[in-house]
Amino acid sequence: MLQYTIKAPSRLRANIALPSSKSISNRALIIQALSGSTLFPENISDCDDTKVMLEALERMPPVIDVGPAGTAMRFLTAYLSVTPGEHILTGSERMLHRPIGTLVEALRRLGADIEYQGEKGYPPLLIRGKSLQGGHIDIPSDVSSQYISALLMIAPTLKNGLELRLVGNVVSRPYIDLTLHVMHDYGAKASWTDMDTITVPPGQYKPCRYRIESDWSAASYWYEMLILSSDKEGVVSLGGLHDGSRQGDSMVRYISSLFGIKTTVDHGDDDGSPRMVITKGLRPVQRLEYDFSNCPDLAQTFIVTCAALGVPFNFTGLGSLKIKETDRIEAMKTELRKIGVVARDHDDRELIWEGGRCDATWEPFDTYNDHRMAMALAPLAMIHDEVRINNPQVVSKSYPQFWDHLRQSGFIIE
């Protein structure tokens, strides 16, 4: 088993060219394929999840194995349903235990031909693609926004379009709005026609030149490093991020401001592209309560940040963390005990720490085949002599250059 030992620099001065957004890349690839365009999206992500999507769309083999890529599983389920041909869609062992029944049943109501090849409600799936009628359907919206995005992206190809009513509390709404934004850029008409309803008329995607912006999710770990750094003059410059981005995880700017972090926009690059320059301030929060429903991928970042600083927290909106690459709530509780923090969960949607402690062992951190576990835990090197992380290569799922970027910024990684 590969293990990294990480030591942080005393001064944090970093200039980082962040990876492209995985979320936008995967949406653009599906929509570009549906448009029939030969104009390939520019600045596409080179992470594992996007490589899986790209290979599937280019080769379209009879059996498509997405590995642990949840986005690819959900988006391809819908895409293959409206694309002529017969395919089996499968994935890793963990993927075969991640539910997909909500999406499959919604597609079946639109006329899709999908059969479960194993346990009902879970991959693998046998999908026979064909033209679908569309129409009105209701879908539960309190589990994964990716189900909704998958349906929306195929909606312009449906004979009658799609009227999609979301039932329950909508989680990760910014990701739904991001999908609509990319659809609009490719010429589709789609809009919220009520508080809980999205309407997409039938139409045609139009080929366009499309450039992917950098990933705010990846930026969150640099915010975390700066928050935890003892370097009062620390500064991190992050390239390719858009001010006013539609990415839900751009909320990291606001949450980090509660820890005294200031974000300014610099257009000083030679090509005029923006950079976010983040610096330390003096207003650390004493306790943090936050609902992560709209940005669940930031939860691990701030769970670790608060635990490292001794800041009690009550985080809600974590329901989708149970069905990610791992059960992130349980994984976080386990790993926090290694730094002496005893957190508790409530109703599978909430994680709470009121200051309870145990003996800290600082034994190696496990990553659970989850890229965000590795990247959220690595910044603990800012407050401890060294941290050890098992299976660090999992970062390739979304941020393949993560460890190289740490080395460039003065971290020692062995």
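Modeller: Let's start with helix H4 (residues 101–109) and H5, which pack at an angle of about 30° with their axes 9 Å apart. Axes here are lines fitted to C-alpha atoms, for helices over the stretch in contact, and angles run from 0 to 180 degrees between N-to-C directions. Helices (H or I, at least four residues) and strands (E, at least two) are DSSP runs, numbered from the N terminus. Keep in mind that this is a predicted model: local features need pLDDT of at least 70, side-chain atom pairs count only at pLDDT 80 or more, and totals for chains, interfaces and linings use all residues. Residues are numbered from 1 along each chain as its sequence is written, and side-chain values use heavy atoms, with hydrogens and water left out.

Angles under 35 degrees count as roughly parallel, over 145 as roughly antiparallel, 65 to 115 as roughly perpendicular and the rest as oblique. H4 and H5 are therefore roughly parallel to each other. Who touches whom? On the H4 side, Thr102, Leu103, Ala106 and Leu107 meet Tyr147, Ala150, Leu151 and Ile154 of H5 (contact means heavy atoms within 4.5 Å). By class, that contact has seven nonpolar residues, one polar and no charged ones.

Now on to another pair: helix H1 (residues 22–35) and helix H6 (residues 173–185) pack at about 45°, their axes 10 Å apart. H1 and H6 are therefore oblique to each other. From H1, Ser23, Ile24, Arg27, Ala28 and Ile31 meet Tyr175, Leu178, Thr179, Val182 and Met183 in H6. Sort the residues of this contact and you get seven nonpolar, two polar and one charged.

Stay with H6 for a moment. Its buried residues (under 20% relative accessible area; exposed is over 50%, partly exposed in between, with a 1.4 Å probe and protein chains only) include Pro174, Ile176 and Leu180. The buried residues of H6 pack against H1, helix H5 (145–154), strand E8 (162–167), strand E9 (191–194), strand E10 (197–200) and helix H7 (216–228). Just after H6, Gly187 takes a positive phi of about 90°.

One last stop: Glu213, in the loop between E10 and H7. At 9% relative accessibility, Glu213 counts as buried. Its C-alpha atom is separated by 5.7 Å from that of Ser20, 193 residues apart along the chain. Not counting residues up to four places away in sequence, Glu213 touches several residues, among them Ser20, Ile24 and His242. Ile24 also takes part in the meeting of H1 with H6.

Note on methods
Nonpolar A, V, L, I, M, F, W, Y, C, P; charged D, E, K, R; others polar.
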